[in-house]
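These are my notebook entries on a structure that I looked up. I record the overall dimensions of a chain, then a pair of helices, then some individual residues.

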Protein chains: 2
Amino acid sequence: MNGEQTLIDRIRRAIPSQSRRRARSPAGLRLGIGDDAALISPRCGLDSVITCDAFLENVHFLPDVHSPGSVGYKSLARATSDLAAMGAAPRYFLLTLALPARRTGQWLDAFLAGMSRAAREYGLLLIGGDTSCQPTVAISITVIGEIAPGAALTRSGARPGDRIFVSGTLGAAQLGLQLIRRGLHRQTRWKPFLRQHCYPSIRIFLGQFLAVRHLASAMMDLSDGLSTDLSRLCATSRVGARIWLDHLPAVAVPPSLRTRGFDPITIALHGGDDYELLFTVPRRLAKKIPAQHRGVRLTPIGEITRERKISLVGKDDRATPLLSLGWDHFRR
Amino acid sequence: MNGEQTLIDRIRRAIPSQSRRRARSPAGLRLGIGDDAALISPRCGLDSVITCDAFLENVHFLPDVHSPGSVGYKSLARATSDLAAMGAAPRYFLLTLALPARRTGQWLDAFLAGMSRAAREYGLLLIGGDTSCQPTVAISITVIGEIAPGAALTRSGARPGDRIFVSGTLGAAQLGLQLIRRGLHRQTRWKPFLRQHCYPSIRIFLGQFLAVRHLASAMMDLSDGLSTDLSRLCATSRVGARIWLDHLPAVAVPPSLRTRGFDPITIALHGGDDYELLFTVPRRLAKKIPAQHRGVRLTPIGEITRERKISLVGKDDRATPLLSLGWDHFRR
């Protein structure tokens, strides 16, 4: 058997997938992995939600630092987070995988185990993909979900007066990345702080809760940092925002790291990779947002303004401009 | 404005796309490029067909040899060819693009112009994607099409006695690749022989014709060479095949290249990148296959056998095994 086919068979065995037609299935997967393309019979009356995301060696991960299990898990998690950000239910994914030959052994097995874990958590079936051989690992993932028409939450619906909420904690992933950048990640006591960076939690159930109940006016996931992502949401909605500094659910930074310059507020404002949900809620509905959903804290952090600038408001009520200092691949 | 947003805006302007909802559209694109994910309202009663394909610098193309326009055109063509191979109508695509900073100027403009040309030819709308910065160009494309339930042609339907057909000419792309490998591609007289390698024709209308009329029992596109792809189709259908050597529509190789070792039959049997369609037809329907479709020649080249081996039959009726010598990314 040729090498590429062996590789495809290993992927198929490792990750939840289905290659054959389900007999007489009125909707769902008709043909999965293994042919020229996958065939899906969409459920009538539901919209399809589609997104894709790259995860590249030396850009998104470092093979000496990030375990193959983390690479597999996180690459699928961050792609799926874009579905959570619309309020959609994840269904299927396709995996485009480029690998050097030296990564086709144990590294690949651990990578597939991590990806399989994420696929099972999110209820995703692998239905297709493409493999090739190149000197560095490159992963590109397409995720497909479904949602009731009219329920999807986009970036364009925020209106002046809406309350701004975030889920969970801000900056946990960035704290892990900074520990890596300072070479502190190999110290046992800091390992727990790497969890959100390596195995991010994403907010699928919260996204669906907000979409199905029509509680939010706009939503996105925080992948590039609050300051950058909020400015994108505001630009798309043609509004501005005021963020209440002392309401930010910033990551808890141990005192011994604070003294080394790890500042929780800076990390919470500009750190990427959190995959928490940022959403806006019409003021009359804000009371309906629970303090937590399935154990995930929901925090009001500010309000949408008509004036199209983004400000940070301190306890003294003084506003300063919030600059977008989050992640940008092509910043010069 | 940040660099990544500027890049996304350039892509959006260059390639047919649609970012806003079509008001009251009962089916079709609800939300295109620019949000966390795209939203499609599938037409009730049609199946969705989805495939993805990578196109990588130094693996699938060489930046010193292949023009950026060819890279843009071919990367989308070969992904869309997988839809043609199912008989589906192309509708939407997503583009994951990783680029070094030095390729974000004129190179990118020409790349996008080539991709846009292919998108217009195939009727594809860009609905999403992802951009990042890395030292080499990496393109990953997801294409989505639609087809009537039961019409899709897979690799698994070939039965003993079926006639085997191919469209067009075999080996034209491989001839171009060999000219490049021998350093002959810069000579003006050989430039016309690079066309199918750089700007491949794909067979969307033929695929739909065969699927809608239920003329074929199995189909795939020839991306890795006849010998390799036919063995895949036969393995999936659990059958074998006899190929009639003197029926092969091999590329015409000029005598001055033949004397340099360019053998048309070897190139036609094992050369990849043709994107012609390989399909099988029940014997009773073989007469219904026209000699050409929209100017593309259709040639019977052999028959499916119960015995699960693949043979090459010469004029003297002697059969020799046909080895899979086409492209394999992970051959050791």
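I began with the secondary structure of chain A and found nine helices and 14 strands. Helices (H or I, at least four residues) and strands (E, at least two) are DSSP runs, numbered from the N terminus. I note that this is a predicted model, in which local features need pLDDT of at least 70, side-chain atom pairs count only at pLDDT 80 or more, and totals for chains, interfaces and linings use all residues. Residues are numbered from 1 along each chain as its sequence is written, chains are lettered from A and ligands numbered from 1 in the order in which they are written, and side-chain values use heavy atoms, with hydrogens and water left out.

**Chain A as a whole**

Along the principal axes, the C-alpha atoms of chain A fill a box of roughly 70 × 50 × 40 Å. I found that 63% of the 332 residues of chain A count as buried (under 20% relative accessible area, with exposed over 50% and partly exposed in between; 1.4 Å probe, protein chains only). The accessible surface of chain A is about 13400 Å², and carbon and sulfur atoms hold 51% of that surface; the areas come from the Shrake-Rupley method with a 1.4 Å probe. I also looked at contacts (heavy atoms within 4.5 Å) in chain A between residues at least 6 apart in sequence: 82% of them join residues at least 24 apart.

**Helices α2 and α3 of chain A**

Next I examined helix α2 (residues 68-84) and helix α3 (residues 106-122) of chain A, whose axes come within 6 Å and cross at roughly 35°. The axes are lines fitted to C-alpha atoms over the stretch in contact, and angles run from 0 to 180 degrees between N-to-C directions. Residues in this contact include A:Tyr73 and A:Leu76 of α2(A), and A:Trp107 and A:Phe111 of α3(A). I sorted the contact residues into twelve nonpolar, five polar and two charged. Here Ala, Val, Leu, Ile, Met, Phe, Trp, Tyr, Cys and Pro count as nonpolar, Asp, Glu, Lys and Arg as charged, and the others, Gly among them, as polar.

**Tyr275 in both chains**

Most residues other than glycine have a negative phi. I found phi of A:Tyr275 near 60°, a positive value, and phi of B:Tyr275 likewise near 60°. A:Tyr275 lies in the loop between α9 (264-270) and β10 (277-281) of chain A, and A:Tyr275 counts as buried because its relative accessibility is 1%. For B:Tyr275, a relative accessibility of 2% also counts as buried.

**Two loop residues of chain B**

I located B:Leu248 in the loop between β9 (240-244) and α8 (255-258) of chain B. B:Leu248 is buried at 8% relative accessibility. Beyond four places in sequence, B:Leu248 touches B:Leu170, B:Leu226, B:Ile243, B:Leu269 and B:Ile301.

I placed B:Pro282 in the loop between β10 (277-281) and β11 (292-293) of chain B. B:Pro282 is buried, since its relative accessible area is 19%. Leaving aside neighbours within four places in sequence, I listed B:Asp162, B:Leu215, B:Ala216 and B:Ser217 as the contacts of B:Pro282.
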